[in-house]
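This report concerns the aromatic side chains of one protein model. The sequence and structure follow.

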Amino acid sequence: MMNNNNSRLAPLSEEPTNEEDQQNRANSSKKPHSWKNWLKAHFPLLLFHKKSDLKILLSVLACPLFPVSLHPKLPVNQVFLFIHVSSSAQYIIQHFTAATGCRKLEGTVKNIFTTGKVSMSMVDELGGSPSLSAGANGGDAQKGCFVMWQMVPNKWLIELVVSGQKVVAGSDGNVAWRHTPWLDSHAAKGSVRPLRRALQGLDPMTISAIFSQAQYMGEKCISGIDCFVLKLSAEQADLSDRSDSTAEMIKHVIFGYFSQRSGLLVYLEDSYLTRIQSPGTYPTYWETTIATKIEDYRTVESVMIAHGGHSSVMITRFGDNLKSGLSITRMEESWSIDDFAFNVEGLSLDCFIPPKEVQKDYLEESLDWRSALHH
């Protein structure tokens, strides 16, 4: 069989990218290296251009994926019957399911639909200082809205529009993808994972299922709320799948903070560290942390659903070769839910079919994998 690598879509990188330069490279070689282009774009300079600000905001905040997949041996409809966790973590999950009332939905929910509003902003980069408070000037807020459909747990589709720019991302359960106005549809790297936005208090069933495999880390007070802390880490095999010759994903962990009083998930914090090194250069390290405060829980069909929150992102760049020292960039998003519903009529599997470019790319990858295995 002929090798079609040159005609394939490059996998989507979740990290911030200068996608305009990436598209130019894609038109010539069909094999863009997002991190290399990102470094060449001189990240500090980009922060003072409004058009680039919006692209970076959407690249990071529009549709990030959750660090880990739902455990294949623990489907959502069985999480309440069989939980492999420590006694402490099991107590936290049971408290959460009781607090949200999501146990009532077991076996009855076919899909989830939600609409909401977002407001995103960039904060000027701080070079050579680890403190975000010193000299940080808030950028102009970019306002928008989104609509999200989900068939529990790995089929989802989101359309988000901010300041006239639209991002669409989805998953059919086999491949995740994203499309932006400045870059065509691209498949995501690594295994299919839930949409992080859905786990910000919008999908208590999947939250219960995915955190049932978490490690209990103790107690911590967050924003004046005493919480139990659960930790999840991406497996090494998945980190390898999400890496390439230029960027190595070293770790991706997430912490869920569950209120000791209410039992609800009130805070999410995930962090991923990437090692960037092109041939002949010194390595540079990028650490991105997304911290989300989840609040305004309201009852929808007897189930507690979060209707608002605030996310803060901090991107830290460091390495021995950086003359300016530690470089920190911060961006923020506030979000609110306008409408939420279970089991919307007319939502079918056809709604989650990827674009033709992504389908072709995924099919070619599957054929090559089968061919390699056969030989």
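Over which ring does the charged end of Arg 197 sit? The ring is that of Phe 146, with the charged end of Arg 197 placed 5.1 Å from its centre; the criterion is NZ of Lys or CZ of Arg within 6 Å of the ring centre and within 35 degrees of the ring normal.

The model is predicted, so local features need pLDDT of at least 70 and side-chain atom pairs pLDDT 80 or more, while totals for chains, interfaces and linings use all residues. Residues are numbered from 1 along each chain as its sequence is written, and side-chain values use heavy atoms, without hydrogens and water.

Rings of Phe, Tyr and Trp (its six-membered ring) pair if their centres lie within 6.5 Å; planes under 30 degrees apart are stacked, over 60 edge-to-face, and the rest tilted. By this rule there are nine aromatic pairs. Two edge-to-face pairs are tabulated.

| Pair | Centre to centre | Angle between planes |
|---|---|---|
| Phe 96 and Phe 258 | 5.5 Å | 85° |
| Tyr 257 and Tyr 267 | 5.4 Å | 80° |

Phe 96 lies in helix α5 (residues 87-100) and Phe 258 in strand β9 (residues 247-259), 162 residues apart. Helices (H or I, at least four residues) and strands (E, at least two) are DSSP runs numbered from the N terminus. Phe 96 is buried at 1% relative accessible area, and Phe 258 is buried at 1%; buried means under 20%, exposed over 50%, and partly exposed in between (1.4 Å probe, protein chains only).

Tyr 257 belongs to strand β9 and Tyr 267 to strand β10 (residues 265-276), 10 residues apart. Tyr 257 is buried at 4% relative accessibility, and Tyr 267 is buried at 17%.

Phe 66, Phe 96, Phe 211 and Phe 258 form one aromatic cluster.
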